[in-house]
Number of protein chains: 2
Amino acid sequence: MSPIATQQVNSSHGTELSKNPHVLAKASSPDTEKLVINTIRCLGADLCQQYKGGHPGTVMGAAAIATALWKYSMRYNPANPDWVNRDRFVLSAGHACLLQYILLHLSGYSTWTLDQIKKYHAPTMDGIAAGHPEIEFPGVELTTGLLGQGIANAVGLAIANKNMAATYNKDGFPVIDNKVWCFTGDGCLQEGIGQEAISMAGHWGLDNLILVYDNNSVTVDGSIDICFTDDTSAKLKSMGWHVLEVDDGSNDLAAIVEAFDKAKTFTGKPTFINIKTVIGIGSANQGSGKVHGAALGEDDVKNVKSALGFNPEEKFVVPQSVYDYFSETKSRGQKDENEWNQLVAKYQEAYPKESAELHRRLKGELIEGWEGKLPPKESLPKDPKATRQSSGIFLKSIIPEDNSFLVGSADLCESTFVNWDNMVEFQNPKSGYGDYSGRQVRYGIREHAMVAAANGVAAWHKGAFVPIMSSYFIFWLYAAPSLRMAALMKLRFIAIATHDSIGVGEDGPTHQPIAFPTFLRALPNLNYVRPADAEEVAGAWILALKDEDHPSFFSLTRQPVPLLEGTDRNKVQYGAYIVHGDANEIPDLTLIATGSEVGRAIDTAKLLKDYKVRVVSMPHMGRFDKQSVEYRRSTIPSGKSLVVAIEPYCSFGWAKYAHAGAHMTGFGHSAPYSVLFEHFGFGPKNLASKISAWAETRKTSQGWDLPGVGEFEELLLNQNPAH
Amino acid sequence: MSPIATQQVNSSHGTELSKNPHVLAKASSPDTEKLVINTIRCLGADLCQQYKGGHPGTVMGAAAIATALWKYSMRYNPANPDWVNRDRFVLSAGHACLLQYILLHLSGYSTWTLDQIKKYHAPTMDGIAAGHPEIEFPGVELTTGLLGQGIANAVGLAIANKNMAATYNKDGFPVIDNKVWCFTGDGCLQEGIGQEAISMAGHWGLDNLILVYDNNSVTVDGSIDICFTDDTSAKLKSMGWHVLEVDDGSNDLAAIVEAFDKAKTFTGKPTFINIKTVIGIGSANQGSGKVHGAALGEDDVKNVKSALGFNPEEKFVVPQSVYDYFSETKSRGQKDENEWNQLVAKYQEAYPKESAELHRRLKGELIEGWEGKLPPKESLPKDPKATRQSSGIFLKSIIPEDNSFLVGSADLCESTFVNWDNMVEFQNPKSGYGDYSGRQVRYGIREHAMVAAANGVAAWHKGAFVPIMSSYFIFWLYAAPSLRMAALMKLRFIAIATHDSIGVGEDGPTHQPIAFPTFLRALPNLNYVRPADAEEVAGAWILALKDEDHPSFFSLTRQPVPLLEGTDRNKVQYGAYIVHGDANEIPDLTLIATGSEVGRAIDTAKLLKDYKVRVVSMPHMGRFDKQSVEYRRSTIPSGKSLVVAIEPYCSFGWAKYAHAGAHMTGFGHSAPYSVLFEHFGFGPKNLASKISAWAETRKTSQGWDLPGVGEFEELLLNQNPAH
């Protein structure tokens, strides 16, 4: 017999609930609430059974938690899912999306019809009830599904809230005062990114963040204690969290709402609510891994319904009283938003300057004329500078005066040049290091959570923030899943990745990226930019800030590079352009290079006196691919000229443009960068010698014998790498 | 004034130390020990100052910890760094490598001469004192430097130790009973991977693991409390660790040794020793971020030396009494190894079967005739099977009887088919789920630490273990840094990555890898294999198990694929081969495909009736690149035939072989796989139509107008992806 059938919801809960500021005037009866929860459970079972797939267990086990959230605890307006001062809800356990979809339907989001939800796992391309929640659809704040990301996204949303509040709220004008709710299972708490994010949030004392733990003690492979025996509540406490516990989270709605109330009013720390539930409650396999990621089976679905007092022969049943139960969420939400609009109108009168800035940011606009504030090429330092330093120059020219920029680093802010004078740190005011209005975020040595948090910041309200994060290039590999999520969600941020290529030098092969850039170039929607000098760094900043729908990643040098004559920030926007040589004559040789190798390629070209040589700088491969055929062929005439790519990464991907390449064929080495570039063959003399020797092999009496597809030549084999 | 000058080491420590089983007969005087510690500090200051780079702070602050380890607490034989039953030491804070190098020198590793150590940061290619410790060099167990990896590596070493001990030790024959020591700073404890690894180790109760925390409260950007305020000791306790604390870890050698002694004898839990130290102790900037990653400066180095009683004008000074202090480590180590050799000899007599197996594994050999145990093609199931299922068939044919294989999963062992009948789980015997002899490892939802731990298992003794880990393909992105480290270290393992491509289906774009495979293909030393069917899966296993020096990564399908007529496990070893069509005639069209698309390409070929079509299966790009020019040109005649690549990943990299490609141009979608393949254009009818339409545009009266480099054509543009 199912425990639901026997277990009574605490009959005093009606009274308890009335303490909640958002409670409805008309308290609901325990019977109605039981019906609501059971309706959600039966819907979950039906929807998974229909196409025999999906995750029913959490829908059933956590139905009461979701009811508490959408009925009593969260502030939102179903008629305007984008209302700025709504509470944010992040489903970190993204596979439980059906639970969210059902509540979005019940609470009155018009897009989320029952028919739409029935398309969960349906064989069509046009559904919105995707297998994991997707940011494109109303009521979904971010796309989740890769475990742990959501917790860090929620931390980012909470940072954004806190920063907005600290920047714009005034006495009597709490224009931003919403909460962030994050729903997590066991998995997100095991993942490293989840733990990084939790440690961050505890450090900052983000008391606007509430982490709701659906503690069902079951995972895909079975009982959680086969792999996870942390004392989670104690662990969260050790990381600076306020911890609450609920014993019967599958049924005790009143206890859940009470915990949520406490969490909402608690100050100084984020709150973790450890709620024990029974996964797949009502199923014959309740409490086991079998109900996690598979439909229950026809018979079991019928049993569930019988046990819960539903007709086993009927499907997708939502009694009218269940709709009635949620009916006031719409009017309540509209009322909340109306009151907020009035507040904002008064704020506009009282604080016109702040209000204007707030509204500019909510429109997604940067400060007017920002592009003109970037120092022009003629005023850039003439002596060689590392591109990471040059990036700092541009950052300082626009960041300090525009509150849109939330800048941070994974413990390397001086090396990555994201500091500025008189900056305020984003910190818990009690720490003595800054306050929540600060825009320099010290993410700690937590690259993965840094980027996922930035995704949350960027998703808080499109365009209101431009997150900028920084670390050494190779450390970004720790954050690759979150970079990918940013690209998938089309969120704008700027990733400052310094110490690129073997230019890292003495730190050695662990720190020298060789293959990682291929992933970044291949990733749809990401702007991977490797600027050649300070002027191209300006181009990278312009490209990133004008592209509102995509994240950008700057690959910057540790070592100094000269300011080159031919570079042009405007031409960076084409992805590649002629930086040296006569554009009007067909060259014998076209050298394509990126970043610090552009200068090296020009030096090489000057040594190749017997040839007409053109050098193309290609800071952004993907952008070049989008140009017209005419532009591409006129820039890189691979049908008329021998083309050689030069880049101290692996050659993977370069055969698309070049007949031959000078690349790394293995991992790097620990030695000063100047030694490494010579050793691995990137000295201009060696390059010129290798290129001319190869070019001679392609010379015929009829001109160049251009290698075809399948004949790409590695010019720097035998590098004798240690690794 | 430096605290060292005033602070006395506890004079009773000589007595304390004698409790240590490894303590020397002749106890050293406090003065000598102070001299030893100060010598290490001055060496650290000198070695960084010499080439003005490196990390002096930890060398100076943790000199006493290192002295305790190498002088008193660790078991090792400097004359044989590879002695199997040595304690393992992992420097997770890899940037502090100079400390390890100095101790390797002082304790008598002949390779580590002072002259070698002086090459730290020197402008040469021939040094062994790399900027981070590298596995190639004696006394270094694994290459570290990416923070957090080392903790997980150490957990892997501890797993290996425990598993060997449980498998081979008998009453009176503790043939494997060593400890694993891991040295960590703040950074590794902030990184998610470190936290995952700590949670794992606590779960398993790995009491052979000792995590030594150099708690200097300083990081690159300054005081640790700007970003990290966890109560670390409480946190480790909550994750099942035994916790010890030492207050004055920069000076109180006796207290450190006492803590190490306790840790070595404590049973049931791993031990965390929280040791407070002062970074850069003795420097004018001690206790600050300034001494973390930069040389101190000439003046400060002199001041340090004066304060520590050294001549400020002398460099690289090691008093003879310091060498004398460590002199007995060599004889002690040799004695320990000799005794162990005697034990092993007796074990051979008493347990000849176990001994033979142990020795086979220590020679790095798998069970004889393993290849013959893989079911031949004719006995493979004829009905379509997912390649993940086929992989399970081969796994079951060789894994159960060879203890070399340590298999595991990040909570998806049933989905990835790495289970077998009657398997024993690697578990804490107290858990009731298994014991340490078990070879099915439940890593939990901790992909990153799983792979880094596997690196530790593989590095325990080359060839003694073949770690096999499994998860969904996209989740491996979480572990990308550890995959890269395996490739850099040339460690063999097999990564089972199931649910590849858009074939994942309903789980949607978060779960569908599009760009990640490019990284895996570009990564030096990694075998990325995408087999077409069960027969090619056999080829993948053979390739992986014969390649002792490299990790392998299998890209496997969720969905069923047919067993193809032309596939051949032996030809998989060439990376690519003709799987359909006449090898003796020049085709009009060559279709290259991988994995589940090989069958699809053959179906497409059959529809292209107006052309002579060849299909090439390319399970391993990198291996194909290593074949002779003749083989490559005869397999893919791109100079004579139109070549089209087909793969539902992005096209990045394919222009090297193909004139055109059918690929994903954006992220995937949530729908059943069959719907997705049709929608995105991978249905054979659509492929045939697109390919023939394109081919017609390249037809001339003189034959095919083969596109040149720079003219790669995407055949599946306009996929209308949602993302």
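The legends below describe close-up views of a predicted model. Residues are numbered from 1 along each chain as its sequence is written, chains are lettered from A and ligands numbered from 1 in the order in which they are written, and side-chain values use heavy atoms, with hydrogens and water left out. Because the model is predicted, local features need pLDDT of at least 70 and side-chain atom pairs count only at pLDDT 80 or more, whereas totals for chains, interfaces and linings use all residues.

**Figure 1. Relation of chain A to chain B.**

**Figure 2. The interface of chain A and chain B.** Each partner is represented in the contact, with 110 residues from chain A and 110 residues from chain B. Between them the chains bury about 9,300 Å², 60% of it on carbon and sulfur atoms; buried area is the accessible area (1.4 Å probe) that two parts lose on being put together, summed over both. A:Met125, A:Tyr478 and A:Val709 supply 9% of the area that chain A buries against chain B, more than any other three residues. Across this interface the rule finds 2 salt bridges, a salt bridge being a side-chain nitrogen of Lys or Arg within 4 Å of a carboxyl oxygen of Asp or Glu. The side chains of B:Arg633 and A:Glu711 meet in a salt bridge with an N to O distance of 3.8 Å.

**Figure 3. Positions listed by UniProt under "binding site" in chain A.** The unreviewed UniProt entry lists A:His95, A:Gly145, A:Leu146, A:Leu147, A:Gly187, A:Asn216, A:His292 and A:Phe475 for this feature; the positions are given in the numbering used here, feature names are shortened, and annotations may be inferred rather than shown by experiment. These positions span 381 residues of sequence and are also spread in space, up to 34.3 Å between C-alpha atoms.

**Figure 4. Surroundings of A:His95 and A:Leu147.** A:His95 lies in the loop between strand S1 (88-91) and helix H6 (97-106) of chain A, where helices (H or I, at least four residues) and strands (E, at least two) are DSSP runs numbered from the N terminus. A:His95 is buried, with a relative accessible area of 13%; buried means under 20% relative accessible area, exposed over 50%, and partly exposed in between (1.4 Å probe, protein chains only). Not counting residues up to four places away in sequence, A:His95 touches A:His55, A:Tyr120, A:Gly131, A:His132, A:Leu147 and A:His292. A:Leu147 is found in the loop between helix H7 (114-117) and helix H8 (149-168) of chain A and counts as buried at 16% relative accessibility. With the same exclusion of residues up to four places away in sequence, the residues that A:Leu147 touches include A:His95, A:Gly187, B:Ile445 and B:Tyr478.

**Figure 5. Salt bridges within chain A.** Side chains of opposite charge can pair when their charged atoms come close. The whole structure holds 56 salt bridges over all chains. A:Lys262 and A:Glu258 meet in one of 3.7 Å, N to O; both lie in helix H12 (residues 253-265) of chain A, 4 residues apart, about one turn of the helix. A:Lys262 is partly exposed at 44% relative accessibility, and A:Glu258 is partly exposed at 35%. A:Asp500 forms a salt bridge with A:Arg530, the closest N and O atoms being 2.8 Å apart. This pair links distant parts of the chain, 30 residues apart, and both A:Asp500 and A:Arg530 are buried. A:Asp500, A:Arg530, A:Glu597 and A:Arg600 are linked in a network of salt bridges.

**Figure 6. Cysteines of chain B without a disulfide partner.** The structure holds 0 disulfides over all chains, a disulfide being a pair of cysteine sulfur atoms within 2.5 Å. The sulfur of B:Cys48 is 8.6 Å from the closest cysteine sulfur, in B:Cys97, too far for a bond. B:Cys182 is in no disulfide, the nearest cysteine sulfur, that of B:Cys188, being 7.0 Å away. B:Cys48 is buried, with a relative accessible area of 0%, and B:Cys182 is buried at 1%.

Notes
Contact = heavy atoms within 4.5 Å.
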